[in-house]
Amino acid sequence: MRIEADVPLAHCNTLRLPARAEWCATVASGDELREALDFARTRRLALCVLGGGSNVVLRERIGGCVLRMQLTGEELLEEAPGHVRVRVAAGVQWHGFVLACHRRGWHGLENLALIPGTVGAAPIQNIGAYGVEVQEFVEAVGAVDRASGEALRLTHADCRFAYRHSIFKSELAERIVITDLTLRLPRARGPRSDYPALRAALGAVADPSPADVLEAVMRIRRERLPDPAVLPNVGSFFKNPVIGRARFERLRAEHPGVVHWAAGDVVKLAAAWLVEQAGGKGMRQGAARVHERQALVLVNEGGATAAQVLGLASRIATAVRERFGIDLEIEPAVY
Ligand SMILES: Cc1cc2nc3c(=O)[nH]c(=O)nc-3n(C[C@H](O)[C@H](O)[C@H](O)COP(=O)(O)OP(=O)(O)OC[C@H]3O[C@@H](n4cnc5c(N)ncnc54)[C@H](O)[C@@H]3O)c2cc1C
């Protein structure tokens, strides 16, 4: 295994921030992961785990050891008439896996197509899009304890999934490395197509097949989201705020047009609407700016630094707080 010193990471994050790692280990097997953890432990180095780098803001200098997760492989655990159970390694590319499942008639993940990044990161923020979250299919998560090297297996209940959240962002943050994901995928599932933007894209297709949904999701995403390879970004920079009903009614009395979705007892607010209304769309800081069509997406025009991106995010959050009294939470992890 290669463990190198002073490694540039600009090509390892989709915002193309010019970070450098004190140490960087590229991990492609269980043995290499153990070796890298030993290396960090004996030198008392902090660890930063990177998958595809599509949900991180990397500061100029990352002290300690960056682990680039490149574990690959897949194991079919069960093939039943109605479903399959498959274990897939953390370093596998998420979108490629979604396409491979779809081709084999394992359904459900079509709504999550074209989300950049790796399988191992998917449960961390419980990736979601077009009315579906990955947690619906997660049976278990395999991991290794960073301190002891012990292998762990977390059940769905252990993961405490919520909107863009899981135990991996709270109690287990910085304590484990995810090695694999076990998913249970239905073989005959009517696809989920009730999400408004998806429904609109499906147009006259009344009873869409999984292939129709896959095609529509990929079309919408290609039309609406800037491609990080062309305009570096990390997708949505802010989460949609979730507030209680009473607070929502007070907000709506003042701002009748507030875009929202009811979610049981609580209400989810469209962060993009809040940012636009607070004047976020024209904002920029250095080479970081708000995308002209997607108010939630901050882009690097070329040469932006983490300080510029985070400074811009902080000014947007202040503008939203001053206008609506709502706190925005950022989605990417900052290192
Ligand atoms: C254009 C674009 C569109 C996007 N659309 C969506 C969307 O629709 N829905 C959505 O939910 N997200 C979306 N994202 C965000 C991002 O793609 C996902 O969060 C993805 O799961 C991140 O994967 P990654 O491998 O790149 O993780 P990274 O960015 O490398 O890491 C993200 C976090 O996970 C940790 N991590 C990564 N791998 C491991 C591991 N094996 N073990 C322990 N910790 C790990 C990292 O330390 C970091 O804290 C989008 C991003 C972009 C650029």
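**Note on the predicted model**

1. Strand β14 and strand β16 (residues 266-269) run antiparallel and are joined by 3 bridges, with strands being DSSP runs of E of at least two residues, helices runs of H or I of at least four, both numbered from the N terminus. Two strands count as paired if DSSP finds at least two bridges between them. Within this pairing, Ile 243 has Val 267 of β16 as its bridge partner.

2. This is a predicted model, in which local features need pLDDT of at least 70 and side-chain atom pairs count only at pLDDT 80 or more, while totals for chains, interfaces and linings use all residues. Residues are numbered from 1 along each chain as its sequence is written.

3. The order β14-β16-β15 describes an open, antiparallel sheet of 3 strands, whose edge strands, β14 (242-244) and β15 (260-263), each pair on one side only.

4. The largest nonpolar core has 97 residues, with Leu 58, Val 66, Leu 67, Val 119, Val 275, Leu 298 and Val 309 having the most contacts inside it. Such a core is a set of buried Ala, Val, Leu, Ile, Met, Phe, Trp, Tyr and Cys residues joined through C-beta atoms within 7 Å, where buried means that 20 or more other C-beta atoms lie within 10 Å of the residue's own, C-beta atoms being placed from the backbone. Helix α8 (residues 306-324) gives the most to this core, with 7 residues.

5. The ligand is surrounded by 31 residues, the closest being Gly 51, Gly 52, Gly 117, Gly 120 and Gly 235; a residue is near the ligand if its C-beta atom, placed from the backbone, lies within 6 Å of it. Strand β13 supplies the largest share of this shell, 3 residues.

Terms used
A residue is buried if 20 or more other C-beta atoms lie within 10 Å of its own, exposed if 12 or fewer, and partly exposed in between; C-beta atoms are placed from the backbone.
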